[in-house]
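Colleague: I am new to this one. Please show me how to read its features, step by step.

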Amino acid sequence: ALGYYNGKLFAFSKTATYMINPRTMTIEEDILQCGCISQNSIISCDYGMVWADNESIWMYNGVKIRNIGLPIEQGGDYSYRERDRAGRVSVEFDSISKSFVVFMKSKRIYDNLTGTTAHPSQLTESSNQAVAWLYHAEKQRWDYWILKNTYDLLSVGAKTLSTCRDWNGGVLYTNETGLYQLGTDKGHRKNWSWVSKNFVMGYPT
């Protein structure tokens, strides 16, 4: 994948990032701890450039590269590393909410089978849920959104096929049932909840 921000060209492999001077075509810096999944997993805007690799989310603000995905990397079924890795990861910027949006498919959930053992090929997936992590560029806060649609009888959403930005700065996404604009279906929003980190009160477990 390739990206461009603040006069610098970035070339990505799956596990490494290279900052290139486009005038001299020389590598100014190589960052070996992060890469990029695909061209769909990188976006640039006035706030910076954000991209996703297999383990976390990264941001370059014109000065340095930061691991902004650290708070959501681990911590349960909703974490970034627990996602369904066979699913697509797309990154967009929603100027309406001033948030970078990371589309992904959450951890697979399977129907229970009778018995003690079962081969993966015998399992039936009961959730085809698509989700998005939103990183607010100014508040530097992550929010977890479950993407739903009114045409899905299970009301659990459908995997995201593609994404793009619309004419007024919002984000569009498509799935198997149609084309949707992120965050505009206010009539079907659910109550929000807040999950804290683990507090050990001075006594680590």
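Colleague: Which residues have the most contacts inside the largest nonpolar core?

Modeller: General idea first: in soluble globular proteins, nonpolar side chains tend to be buried together. A nonpolar core is a set of buried Ala, Val, Leu, Ile, Met, Phe, Trp, Tyr and Cys residues joined through side-chain atoms within 4.5 Å. Buried means under 20% relative accessible area, exposed over 50%, partly exposed in between (1.4 Å probe, protein chains only). Here the largest core has 21 residues, and V50, I57, Y80, F100, V102 and W142 have the most contacts inside it. Two or more residues come from each of strand 5 (42–45), strand 6 (48–52), strand 7 (57–60), strand 9, strand 10 and strand 11. Another core, of 12 residues, lies apart from it, with Y5, F10, C36 and W51 among them.

Colleague: What kind of model is this, and how are residues numbered?

Modeller: This is a predicted model: local features need pLDDT of at least 70, side-chain atom pairs count only at pLDDT 80 or more, and totals for chains, interfaces and linings use all residues. Residues are numbered from 1 along each chain as its sequence is written, and side-chain values use heavy atoms, with hydrogens and water left out.

Colleague: What does V50 touch?

Modeller: Contact means heavy atoms within 4.5 Å. Not counting residues up to four places away in sequence, V50 touches S41, I42, I43, I57, W58, M59, I68, V91 and F100.

Colleague: Is S41 buried or exposed?

Modeller: S41 is buried, at a relative accessible area of 0%. It is found in the loop between strand 4 (26–31) and strand 5.

Colleague: How do I read the sheet order?

Modeller: Strands (E, at least two residues) and helices (H or I, at least four) are DSSP runs, numbered from the N terminus. Two strands pair if DSSP finds at least two bridges between them. Here four strands form an open sheet in the order 9-10-11-12, with antiparallel pairing. Strand 9 (90–94) and strand 12 are at the edges with a single partner strand each, so one side of each has no neighbour in the sheet. From one strand to the next, the twist averages 25 degrees. For such angles, axes are lines fitted to C-alpha atoms, for helices over the stretch in contact, and angles run from 0 to 180 degrees between N-to-C directions.

Colleague: How many bridges join each pair?

Modeller: Strands 9 and 10 pair over five bridges, and F93 stands opposite F100.

Colleague: Which way do the residues of strand 11 point?

Modeller: A130, A132, L134 and H136 point one way, V131, W133 and Y135 the other, and all are buried.

Colleague: Where is Y135 relative to V101?

Modeller: They are 34 residues apart in sequence, yet 6.5 Å apart in space, C-alpha to C-alpha. Y135 counts as buried because its relative accessibility is 3%.

Colleague: What lies 3.1 Å from the side chain of S99?

Modeller: A polar contact is a pair of N or O atoms within 3.5 Å; within protein, one must be able to donate a hydrogen and the other to accept it, and residues adjacent in sequence count only if both atoms are side-chain atoms. Here the backbone oxygen of S97 lies 3.1 Å from a polar atom of the S99 side chain. S99 lies in strand 10.
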